[in-house]
Amino acid sequence: MAFSKFSSFRWYYTLNICSTNILIMVMHEYIRKSLTIDCEAVTNYIVERIREYLEFSNKKGGVIGVSGGVDSAVTATLLAKATDNFFILLMPSSSTPKIDLEDSFEMIKFLNAQNKYKLINIDEIVSLFSNKIETNNKYVIGNIKARVRMIILYAYAQMLDYLVVGTGDKSELLLGYFTKYGDGGVDVLPIGDLYKTQVRMLGKCLGLPERIVTKPSSPALWEGQTAEGELGIDYETIDSILYLRFDEMRSEDEIVKMLGIPIDTIKKVDRLVKISQHKRLPPEIFRLSGRAINSDWRFPRRWA
Amino acid sequence: MGIRVELAQIRSYPGDVYRNYKKHLEIIETSTADCVIFPELSLTGYIIKDLTYEIYKDAEEATRKIAEKVNKCAVFGTIKEVRKGILRNAAAVIINGKMDYIYKFYLPTYGLFEERRYFQRGDPLKDLKIFEYRDLKFGVVICEDAWHPEPIEALSFMGADAIFIPSASPMRKLRENLAIEESWDSLLKAHSLMNTVWTVFTNVVGSQEEEYFWGGSRVVSPLGDVKLKLNLFYEDRGVVEITENELLRARFFSSYRDHIREFHSILDKL
């Protein structure tokens, strides 16, 4: 699940209209090689890290929201490999495509989770919010949907003494293509260091249903919304730019040469990453004391 | 003598080299002083984290452009790539358009500081330099180097009559009398008195990330008097005249001249 915070992404709207002009490219061979993962090693590693994280957190298991998309399908599969104590929430709304709900049920079957899931349609809750707030702005309501899902996940986590396992991937996290305290409000992000294209590779290796692995990413916060349509760039291009820009620290000009794409596309991606930094960090605390949290008071998560 | 020095206590915008650059030019162009002293990393901002790698080239270019505009003397904070990929926390020293650098020796990596993640320290054997503008001989050390006796001591014995100290000192505990201000006040007075030099401390001001830089830039005479003190917490500028009289009186009536070097051979073995 990936939901954007639209207030700061005004230029999207126009792009959205002409989403047929999406820039598609074949992934550069060098980047394809760089991003290729050893599926088995990565799977074992993440599964072990999830198991260990649950143990260190003294939690019995994990709850996860499954949307029918590749990120949540992969994360749920890894979670299910790490522990039998997992619980899945399906939280569709009126803007959830029928096929996504079908694919979510495919995942329930795939994970043998017939006794470990709950279906909650969030439309009623969301419309209570939008009525009270008196808005029909689809971007505001879209973020409310993401945050309603977060509330439900945490309620289940508390009742079960589980953690909330997030499904964000590195591409979304870097772009800020998620709702702060919505799908961004989670306890741990097991696939947060894998780009979208790598998550698809992993999904394929894990034997997930083909339709889920190849489906275009979509937050589905309103009808017809797709990530690539909204961003105006396909994920292979996005991941190539992100990888070259931030993993390899290459300049815009170098990337233009390597990928043969317009510099504006690179600038667009770059800007999305920069303006969303606040979403990836804990809130700023204004220094007042002799030792301020996060500034010069730093402790590991595993403290007690 | 009688050199007029301006302290430019500015707010730097972390990562916004162009904006900081314009501020530097504005101050240099409107200054009536002989020499303008800016804070540490004034061109780049202090808390820039990994942005360091993205902006150091811009900072070097801005440094060159500022140098072209300085027909007197200016000292400001910037980043210098001393060889490919090796960066130093530097102060550019511009005299009559001619550019030189000094480097920070002690890079703090305690508390909130993480300078050694980004910078290489200067080498005292190569990087202690004495500059001369009109008939003022001066040295420059950056912030943390004033928390040790040797850098300023060395420069004073090399002939400096004034020490410029571009700094980025963040406020720790907010209270009526800032502990960090009292510490700096004591350090500057001690350096001035022990080394019979003028000390010129220019601090940055304003917020950067969660921190707040407290300003309070000041000048202490060789006799230990605070000759100028700028605002706490706000941008400010002020000019002070560095004169010979205080230097002479301090040196006539102190044991500075009797510096016993043998102590250093003991220190060397400790």
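In which helix of chain A is Val70(A) found? In this predicted model, Val70(A) belongs to helix H4, which covers residues 70-82 of chain A.

UniProt, in an unreviewed entry, lists Val70(A) under "binding site", along with other residues including Gly69(A), Asp71(A), Lys196(A) and Ser218(A). Let us look at two members of that list. Val70(A) touches Val199(A), Arg200(A), Gly203(A), Ile212(A), Val213(A) and Lys215(A), leaving out residues up to four places away in sequence. Ser218(A) sits in the loop between helix H10 (210-214) and helix H11 (227-231) of chain A. With residues up to four places away again left out, the contacts of Ser218(A) are Gly69(A), Gln225(A), Thr226(A) and Ala227(A).

A further "binding site" listing in UniProt, also from an unreviewed entry, names Arg147(A), Lys180(A), Asp187(A), His278(A) and Lys279(A). Lys180(A) lies in the loop between helix H8 (170-175) and helix H9 (196-205) of chain A, while Lys279(A) is part of helix H15 (residues 277-280). Apart from neighbours within four places in sequence, Lys279(A) is in contact with Gly176(A), Lys180(A) and Gly184(A).

Here is how these residues are surrounded:

| Residue | Other C-beta atoms within 10 Å | Class |
|---|---|---|
| Val70(A) | 25 C-beta atoms | buried |
| Ser218(A) | 22 C-beta atoms | buried |
| Lys279(A) | 17 C-beta atoms | partly exposed |

Val70(A) counts as buried because 25 other C-beta atoms lie within 10 Å, and the cut-off for buried is 20 or more.

Finally, chain A has a partner: twelve residues of chain A are in contact with eleven residues of chain B. On the chain B side, five of these residues are nonpolar, one is polar and five are charged.

Terms used. Residues are numbered from 1 along each chain as its sequence is written. Chains are lettered from A and ligands numbered from 1 in the order in which they are written. This is a predicted model: local features need pLDDT of at least 70, side-chain atom pairs count only at pLDDT 80 or more; totals for chains, interfaces and linings use all residues. UniProt positions are given in the numbering used here, feature names are shortened, and annotations may be inferred rather than shown by experiment. Helices (H or I, at least four residues) and strands (E, at least two) are DSSP runs, numbered from the N terminus. A residue is buried if 20 or more other C-beta atoms lie within 10 Å of its own, exposed if 12 or fewer, and partly exposed in between; C-beta atoms are placed from the backbone. Two residues are in contact if their C-beta atoms, placed from the backbone, lie within 7 Å. Ala, Val, Leu, Ile, Met, Phe, Trp, Tyr, Cys and Pro count as nonpolar, Asp, Glu, Lys and Arg as charged, and the others, Gly among them, as polar.
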